[in-house]
Amino acid sequence: DVKIYNRIDCGTQCLSLLNQFVIDVLDNDMNVVSSLSYNDTAGAMIHLMMEDVEGSYVRIAVTNNFLVLAEVEVYGTKLYDS
């Protein structure tokens, strides 16, 4: 699961900036193992479910402008010791 918290310190102007982005889950070799596109305008918080995905890194990239956000939380289960 990935939770993305939008900036709220500049009102609705900030809320409208977080839109059209891609979340990639990458393995240890930085290969994309799963990808999810989000094409709507986000609210104050977005909770995206990414079930049955194994990876080591999460990358968020915008497809239209610049990335504006406050916080990202990534939840998962440790599968093995590195």
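Me: What relative accessibility does R7 have, and in which class does that put R7?

Reply: This is a predicted model, in which local features need pLDDT of at least 70 and side-chain atom pairs count only at pLDDT 80 or more, although totals for chains, interfaces and linings use all residues. Residues are numbered from 1 along each chain as its sequence is written, and side-chain values use heavy atoms, with hydrogens and water left out. With a 1.4 Å probe and protein chains only, buried means under 20% relative accessible area, exposed means over 50%, and partly exposed lies in between. R7 has a relative accessibility of 31%, so R7 counts as partly exposed.

Me: With which residue does D9 form a salt bridge?

Reply: A salt bridge is a side-chain nitrogen of Lys or Arg within 4 Å of a carboxyl oxygen of Asp or Glu, and the whole structure holds 2 of them. D9 itself counts as exposed, because its relative accessibility is 59%. The closest N and O atoms lie 2.9 Å apart in the salt bridge that D9 forms with R7.

Me: How many residues apart are D24 and R59?

Reply: The side chains of D24 and R59 meet in a salt bridge, with 3.0 Å from N to O. D24 is buried, at a relative accessible area of 10%, whereas R59 is partly exposed, at 38%. Strands are DSSP runs of E with at least two residues, numbered from the N terminus. The pair links distant parts of the chain, D24 being in strand β2 (residues 19-26) and R59 in strand β5 (residues 57-62), and they are 35 residues apart.

Me: What is the average twist from one strand to the next in the sheet with the order β3-β2-β5?

Reply: Two strands pair if DSSP finds at least two bridges between them, and this open sheet of 3 strands has antiparallel pairing. Its edge strands are β3 (32-41) and β5, each of which pairs on one side only. Taking axes as lines fitted to C-alpha atoms, with angles that run from 0 to 180 degrees between N-to-C directions, the average twist from one strand to the next is 20°.

Me: Which residue of β3 stands opposite N19?

Reply: Strands β2 and β3 run antiparallel and are joined by 7 bridges. Within β3, the residue opposite N19 is T41.

Me: Which residue of β6 stands opposite Y5?

Reply: Strands β1 and β6 also pair in the antiparallel sense, over 4 bridges. The residue of β6 that stands opposite Y5 is E71.
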